[in-house]
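This report describes a structure by its salt bridges, chain interfaces, helix packing and annotated segments.

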Amino acid sequence: MTHQEAAQSANLIFICVHREHYEFLKTLAPHLEGKVLVDLSNNLKKNKYPEANAAYLQRLVPKAAVVKGLNTLSAWALQNGLLAGKQVYLCGNNAAAKQAVAEMATKLGLAVLDRGSLSAAREIEDFPLRLFPEWRLPLCVALGLTAFFFFYLLIRDVIYAYVEKDQNISYRIMVSLANKVFPIVSLVMLSLCYLPGVIAAFLQLYRGTKYRRFPDWLDRWMLCRKQMGLVALGFAFLHVVYTLIIPIRYPFEYNLIKQVQRAAPNQNQTTPLHFDNTEAWGADSFFVTGILGFFLYVLLGLTSLPSVGGSLSWREFSFVQSKLGYLTLFICTTHGYIYGWNKFLRRSTYKWYTPPAFMLCLIVPSVVLVLKFILLVPCVDRTVMRIRQGWERRRPRGETDDMKATNM
Amino acid sequence: MTHQEAAQSANLIFICVHREHYEFLKTLAPHLEGKVLVDLSNNLKKNKYPEANAAYLQRLVPKAAVVKGLNTLSAWALQNGLLAGKQVYLCGNNAAAKQAVAEMATKLGLAVLDRGSLSAAREIEDFPLRLFPEWRLPLCVALGLTAFFFFYLLIRDVIYAYVEKDQNISYRIMVSLANKVFPIVSLVMLSLCYLPGVIAAFLQLYRGTKYRRFPDWLDRWMLCRKQMGLVALGFAFLHVVYTLIIPIRYPFEYNLIKQVQRAAPNQNQTTPLHFDNTEAWGADSFFVTGILGFFLYVLLGLTSLPSVGGSLSWREFSFVQSKLGYLTLFICTTHGYIYGWNKFLRRSTYKWYTPPAFMLCLIVPSVVLVLKFILLVPCVDRTVMRIRQGWERRRPRGETDDMKATNM
Amino acid sequence: MTHQEAAQSANLIFICVHREHYEFLKTLAPHLEGKVLVDLSNNLKKNKYPEANAAYLQRLVPKAAVVKGLNTLSAWALQNGLLAGKQVYLCGNNAAAKQAVAEMATKLGLAVLDRGSLSAAREIEDFPLRLFPEWRLPLCVALGLTAFFFFYLLIRDVIYAYVEKDQNISYRIMVSLANKVFPIVSLVMLSLCYLPGVIAAFLQLYRGTKYRRFPDWLDRWMLCRKQMGLVALGFAFLHVVYTLIIPIRYPFEYNLIKQVQRAAPNQNQTTPLHFDNTEAWGADSFFVTGILGFFLYVLLGLTSLPSVGGSLSWREFSFVQSKLGYLTLFICTTHGYIYGWNKFLRRSTYKWYTPPAFMLCLIVPSVVLVLKFILLVPCVDRTVMRIRQGWERRRPRGETDDMKATNM
């Protein structure tokens with residue numbers, strides 16, 4: 001079958017050709033008159049061409065009705081019958097043509113979303129080129145926090161030891177330092193997951209209504225909470241594995257031997273080793289809170305899998321992500337506090353008059369937990385609930401200002 | 001557009017209002033005559049109101065055809081086009097109205113299930129309030145087992161040491177005791193996963209037919225096997241992490257130093273340390289069965305993810321959940337037996353004349369494995385297979401009684 | 001309702017009966033004339049009967065239109081409304097009958113695939129009996145590699161020690177040996193994931209076109225890359241857990257005590273223990289590359305979950321599976337090189353003149369990385385990209401032969 005015959009035989013024609021080869025369609029233009037052309041093309045880069053592929057096609061074949069869409073489907077999904085339930089986008093200037101394509105797509109089990117006229121083609125063509133847009137902010141925050149705490153710890157631990165005590169403990173950078181940075185970043189990121197929700201509740205309380213939009217930054221923050229939590233889980237996972245390899249590391253063995261030698265300074269009279277019960281309880285509580293926190297972390301991560309989360313009812317999902325989430329945050333924060341329980345008051349903790357990193361990292365989670373605790377007080381909780389159900393506190397202008405003043 | 005105009009312009013009207021605000025619909029009642037009203041409302045609590053929201057709505061607007069349904073869809077799913085394939089429930093007294101809503105829902109890709117007349121509205125309104133109903137039984141079993149074994153171990157280990165040897169080893173509660181409770185509960189829960197299947201097979205064998213319903217308790221038990229297995233996996237995960245942190249714990253270090261001192265009582269003549277090959281083999285077998293068991297456990301858990309399980313064929317699913325499942329149970333039970341291999345005959349094991357906890361926990365899995373083994377005997381296996389294919393063993397009443405007697 | 005009445009009342013009849021009971025349909029044949037019979041039956045074994053169930057049914061009821069299909073749906077999925085989006089197969093000799101069944105299936109949200117005439121029934125009946133067909137090749141490769149490296153290491157480690165040094169270190173088989181085999185097989189399998197992609201690129205470069213089919217073995221290899229990667233992840237998981245239990249094993253403790261004794265040969269003058277910084281750095285780099293490699297491994301594994309992979313855009317998926325994949329391979333290969341960094345030049349490494357296993361296992365990943373590096377050179381990369389976009393390098397026959405000669 002020649003191209004001409006093919007063009008004449010069908011009403012709905014799919015153009016699965018690279019944009020570079022569109023030129024030849026010009027020659028077919030007379031045969032394409034009145035036909036619906038579905039432009040499935042994608043580009044390899046953003047802004048490679050001045051106009052959208054579909055607009056270019058429309059210019060080449062002006063008498064056909066060009067519809068842009070379905071380009072987000074992968075050949076792999078097509079081949080394996082994995083289309084059902086996928087959302088696809090369509091746009092085009094001819095409503096009847098769009099309708100025809102939408103019907104065909106619905107028959108294939110796709111969920112069609114009309115994005116309007118052909119001027120939206122550009123946006124649709126850029127969809128397959130998007131690279132984790134919702135992960136960008138969380139990853140930037142994670143990177144920033146990691147860099148900050150890494151250098152903070154580098155200065156306080158390694159450089160301090162080199163300058164003040166003339167010790168070279170640079171080997172600690174690889175594991176010990178990283179194993180301080182990871183839990184710190186993880187805990188801060190986890191609390192950053194829950195901070196926007198708390199801020200939103202206080203904002204609603206202050207405004208006395210839920211019908212005013214949140215500021216843009218809060219909206220964007222709330223939309224990437226899931227990704228923040230998953231990045232936090234990643235850091236927690238690294239922290240766990242880094243902790244578990246401690247005893248196979250060379251310094252652990254070295255220290256153990258050192259300790260044995262110290263425990264027996266004079267071998268002729270084996271000094272009885274004293275077992276410190278408080279130490280054992282403290283260390284074990286530290287480990288147990290860490291393990292339980294990680295366990296809940298993993299549970300939260302599992303429910304954020306699309307297929308697991310999708311099978312939960314709304315109440316179940318909110319139970320897991322809110323109740324279990326705050327429990328996780330609480331346990332992990334306790335883990336941090338236990339770490340520092342006997343270090344807070346020691347002078348040696350404040351090297352060069354700076355607080356240790358774990359103190360810094362406990363600030364945000366503590367604030368979130370305190371704010372959440374305030375929100376759980378019955379009278380506050382009831383007011384928030386009523387506002388979220390649509391109740392509004394309307395006051396004359398003057399009163400609002402009063403309240404504002406009180407709040408500040 | 002006023003509410004009146006809106007009401008007049010459409011035939012299908014979605015009521016997305018909290019029940020408290022239904023009152024105003026009474027004023028619109030004349031305009032709603034003959035219209036289909038879809039009640040999407042949910043309540044915050046069960047049994048908050050004496051009648052269902054939909055029934056209340058019907059009472060307010062008696063001439064409209066109220067259809068309850070679609071309330072299980074989350075706003076979040078609607079916004080993100082994640083509707084396809086979701087199951088929704090409908091009920092209503094007017095068949096034509098239900099049909100209209102069902103058609104609309106089918107177009108959106110939803111799978112509609114008709115639950116009958118409006119009297120089912122209550123049940124449908126309670127759906128979004130359900131909180132893991134199928135997890136309740138497994139979690140209760142897990143909690144009960146945990147509590148029992150915790151106190152059993154507390155008495156036998158900590159209190160025994162305090163009473164009989166005047167030692168305070170309470171620090172063991174946090175990690176060592178928990179690390180005994182977790183594997184025990186995990187193994188018992190795993191065997192409780194497979195016990196109902198075995199009981200069902202024996203029941204079918206005894207009855208000689210598959211066409212009689214199982215007793216209710218067995219049905220309910222079989223329906224929560226997956227959740228039981230996942231709870232068991234959670235306990236196994238905790239057991240693994242608790243085990244892996246042993247060497248960074250304070251008592252490990254203490255014991256090591258102790259052992260070194262003991263190994264060298266007189267330092268002037270370093271006593272050659274003897275390497276016990278049997279000990280090494282035994283301990284390593286213990287670890288290896290544990291690791292392989294956990295690996296298979298995780299595999300089973302992965303295939304119970306909705307998206308993974310859904311992509312398996314029936315035979316693949318049953319292969320994984322049955323063959324691999326019994327293999328896991330077998331390996332984990334072996335893990336338990338190896339733990340006790342040289343403790344069974346020691347007198348010190350039976351403190352205060354009670355068996356140790358690991359012996360108690362091996363009972364159920366051993367029974368399941370023995371019963372399964374009997375079911376695998378060719379002649380038994382063939383009979384079960386024939387019964388499951390619909391074959392029935394019919395006997396006169398007297399003979400059945402005979403058989404009953406023999407069985408007992 | 002009798003069978004006769006049921007048969008007469010409907011046009012579309014589902015036969016949910018075991019093949020053994022088909023016989024009775026013969027008596028109903030007159031009532032089934034002109035009806036559409038959907039054969040849903042499955043067999044328990046392949047090739048149990050000389051003809052397909054559907055063909056047998058057609059023979060029994062020659063005047064009905066038999067359609068085979070829907071047999072891949074599980075009763076469980078039917079009961080739980082999990083049909084939406086599932087792919088089902090149909091076949092039959094009567095086009096109208098097939099059409100009727102297909103329409104009904106589409107209404108249920110199923111994706112129907114027509115497999116032609118009734119002669120395809122056999123194949124369709126064998127679908128539910130398939131047991132992980134796409135996992136067969138990867139598992140065979142894994143098994144082969146495991147067996148080879150196990151015996152190689154057994155000879156070089158255990159048997160060598162026994163023969164040459166008269167030491168019995170057979171206890172190492174359980175953990176130490178396995179822990180060498182697992183990472184080796186994992187790394188080789190991971191590189192085998194990426195090797196076919198590299199071979200395909202070079203093949204396209206050599207041929208100068210993408211329009212010629214790859215050889216069959218390459219096609220089959222490329223289709224099981226995902227499974228190969230997941231098997232590799234399983235081995236890596238085992239390697240990680242096996243490594244983490246090292247310090248609770250008996251030999252670790254033994255060695256530690258040995259080392260303490262050696263460190264203090266004469267206790268009256270405690271020899272100062274020397275801390276080796278290079279050793280600490282080397283060992284820690286080894287651990288860090290291992291952990292990061294495993295972390296990326298797990299990420300790759302997560303994105304291969306159907307529900308996660310399905311929510312990624314094409315570019316995101318290819319970014320993860322290609323960029324992140326090569327990064328994982330690179331880090332894991334580095335992990336292997338660091339392991340051997342000070343062993344390459346030692347004579348004791350080459351027992352019985354054979355290279356150690358870790359050297360053998362580094363060959364394939366190194367080759368893959370070098371080839372990939374060549375493909376990343378701008379001029380090569382550009383050519384491959386052009387070929388993949390449809391550009392063809394056509395030459396007269398002679399030139400191609402020249403090129404062939406050069407290549408060889």
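## Salt bridges within a chain

A:Glu125 and A:Lys68 are joined by a salt bridge whose closest N and O atoms are 3.0 Å apart; a salt bridge here is a side-chain nitrogen of Lys or Arg within 4 Å of a carboxyl oxygen of Asp or Glu. The pair links distant parts of the chain, with A:Glu125 in helix α6 (residues 121-126) of chain A and A:Lys68 in strand β3 (residues 65-69) of chain A, 57 residues apart. Helices (H or I, at least four residues) and strands (E, at least two) are DSSP runs, numbered from the N terminus. Over all chains, the structure holds 27 salt bridges.

## Basis of the model

The model is predicted, so that local features need pLDDT of at least 70 and side-chain atom pairs count only at pLDDT 80 or more, while totals for chains, interfaces and linings use all residues. Residues are numbered from 1 along each chain as its sequence is written, chains are lettered from A and ligands numbered from 1 in the order in which they are written, and side-chain values use heavy atoms, with hydrogens and water left out.

## Interfaces of chain C

Between chain A and chain C, the contact (heavy atoms within 4.5 Å) takes 45 residues from chain A and 45 residues from chain C. The area buried between these chains is about 4,300 Å², of which carbon and sulfur atoms give 72%; buried area is the accessible area (1.4 Å probe) that two parts lose on being put together, summed over both. A:Met174, A:Ile248 and A:Tyr250 supply 15% of the area that chain A buries against chain C, more than any other three residues. One salt bridge is counted between chain A and chain C; the side chains of C:Asp284 and A:Arg249 meet in a salt bridge at 2.8 Å, N to O.

Between chain B and chain C, 45 residues of chain B are in contact with 43 residues of chain C. Carbon and sulfur atoms give 72% of the buried area of about 4,300 Å² between chain B and chain C. The count of salt bridges between chain B and chain C is one, and B:Asp284 meets C:Arg249 in a salt bridge at 2.8 Å, N to O.

## Helix packing in chain C

Helix α7 (residues 136-165) of chain C packs against helix α15 (residues 357-376) of chain C at an angle of about 150°, with their axes 10 Å apart. That angle makes α7(C) roughly antiparallel to α15(C), the term for angles over 145 degrees. Axes are lines fitted to C-alpha atoms, for helices over the stretch in contact, and angles run from 0 to 180 degrees between N-to-C directions. C:Phe148, C:Phe149, C:Tyr152 and C:Leu153 of α7(C) meet C:Ala357, C:Leu360 and C:Cys361 of α15(C) in this contact.

α15(C) also packs with helix α16 (residues 378-388) of chain C, at an angle of about 80° and with their axes 5 Å apart. α15(C) is therefore roughly perpendicular to α16(C), a term for angles of 65 to 115 degrees. The contact is made by C:Ile374, C:Leu375 and C:Leu376 of α15(C) and by C:Pro378, C:Val380, C:Asp381 and C:Val384 of α16(C).

## Annotated segments of chain A

In an unreviewed entry, UniProt places the feature "transmembrane region" at several spans of chain A, including residues 137-155 and 324-342; annotations may be inferred rather than shown by experiment. Residues 137-155 of chain A are 100% helix and 0% strand, with end C-alpha atoms 27 Å apart. Residues 324-342 of chain A are 84% helix and 0% strand, and their end C-alpha atoms lie 29 Å apart.

Methods. Parallel < 35°, antiparallel > 145°, perpendicular 65-115°, else oblique.
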